[in-house]
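User: Hello! I am new to this structure and would like to learn how to read its pockets and its surface. Could you walk me through them?

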Amino acid sequence: MLDPTVTLGDVPHAIQLALAPVFLLTGIAGMLNVMAGRLARIIDRGRKLTETALPTQPERRRLVELELATLERRRRFAGAAITACASAALLVCTVIAALFVEVYLQISLRGVVGMLFTGSTLALLVGLAYFLREVHLATQTVRITLHLPPQ
């Protein structure tokens, strides 16, 4: 039950304050979805390469080994991006909870909320930086060859 000192206007105000972090949480969830999809594709490609026999030709074998090494680097970047963004999401959830605790317990948590929100923003920044690095590495290593028939 609510403390009698909590006015009816405090709870809607807390909801209004929590709305912006909820939208941020939705954006982070979308980014996590994209990152998880990329990680799944990296893992699938790695499995495909490791389940087939290595080529006997030294040049082709070197290319497969190089691609596997690149996939491993990309996997680590994608994993770090997911970890950082999931941490950002957890911090945003903590911000939302703190806003309601502030209203219900009638205590000031502004400093805590500010630090948590700053931490979530920094974690999101780190996650996006890792994601950008993974995408950059993927675009650097892609090989698209076009075999046109002779005319």
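Analyst: Gladly! Let us begin with the second largest pocket, where H1 gives the most to the lining, with 5 residues. H1, H2 and H3 each supply at least two residues of that lining. Please keep in mind that this is a predicted model.

User: How does one find empty space in a protein at all?

Analyst: The general idea is that rolling a probe the size of a water molecule over the atoms shows where empty space is left. In this structure, the second largest pocket holds about 260 Å³ of space. Its lining is made of 13 residues, and those closest to its centre are His13, Leu17, Leu99, Glu102 and Arg110.

User: How many residues of each class line the second largest pocket?

Analyst: The lining of the second largest pocket has 8 nonpolar, 2 polar and 3 charged residues.

User: Now for the largest pocket. What is its volume, and which residues lie nearest its centre?

Analyst: The volume of the largest pocket is about 540 Å³. Its lining counts 14 residues, with Glu67, Leu71, Arg74, Ala138 and Val142 nearest the centre. Helix H1 (10-51), helix H2 (58-105) and helix H3 (110-141) are the elements that give two or more residues to this lining.

User: Which element gives the largest share of that lining, and how does the lining divide by class?

Analyst: H2 provides the largest share of the lining of the largest pocket, 6 residues. By class, the lining of the largest pocket consists of 6 nonpolar, 2 polar and 6 charged residues.

User: Let us turn to the surface. Which residues form a nonpolar patch there?

Analyst: The nonpolar patch on the surface is formed by Val101, Tyr104, Leu105 and Ile107, which together have about 350 Å² of accessible area. One of these residues, Leu105, is found in helix H2.

User: Why does Leu105 count as exposed?

Analyst: The step to follow is a cut-off: a residue is called exposed when its relative accessible area is over 50%. Leu105 has 56% relative accessibility, so Leu105 counts as exposed.

User: And Gln106: where is it found, and is it buried or partly exposed?

Analyst: Gln106 is in the loop between H2 and H3. The label partly exposed covers values between the buried limit, under 20%, and the exposed limit, over 50%. Gln106 has a relative accessible area of 40%, so Gln106 is partly exposed.

User: What is the phi of Gln106 near?

Analyst: The phi of Gln106 is near 55 degrees, a positive value in a residue other than glycine.

How values were computed
Residues are numbered from 1 along each chain as its sequence is written. This is a predicted model: local features need pLDDT of at least 70, side-chain atom pairs count only at pLDDT 80 or more; totals for chains, interfaces and linings use all residues. Side-chain values use heavy atoms; hydrogens and water are left out. On a 1 Å grid over the protein atoms alone, a cavity is a set of points where a 1.4 Å probe fits but cannot get out, and a pocket is an open set with protein on both sides within 12 Å along at least five of seven lines; lining residues have an atom within 4 Å of a point. Grid points are joined across faces, edges and corners, and a volume is the space filled by probe spheres set on the points. Helices (H or I, at least four residues) and strands (E, at least two) are DSSP runs, numbered from the N terminus. Ala, Val, Leu, Ile, Met, Phe, Trp, Tyr, Cys and Pro count as nonpolar, Asp, Glu, Lys and Arg as charged, and the others, Gly among them, as polar. Patches are made of residues with over 30% relative accessible area and no salt bridge: like charges are joined within 9 Å, nonpolar side chains (Val, Leu, Ile, Met, Phe, Trp, Tyr) within 5 Å. Accessible areas come from the Shrake-Rupley method with a 1.4 Å probe; for residues, only the protein chains shown count as cover. A salt bridge is a side-chain nitrogen of Lys or Arg within 4 Å of a carboxyl oxygen of Asp or Glu. Buried means under 20% relative accessible area, exposed over 50%, partly exposed in between (1.4 Å probe, protein chains only).
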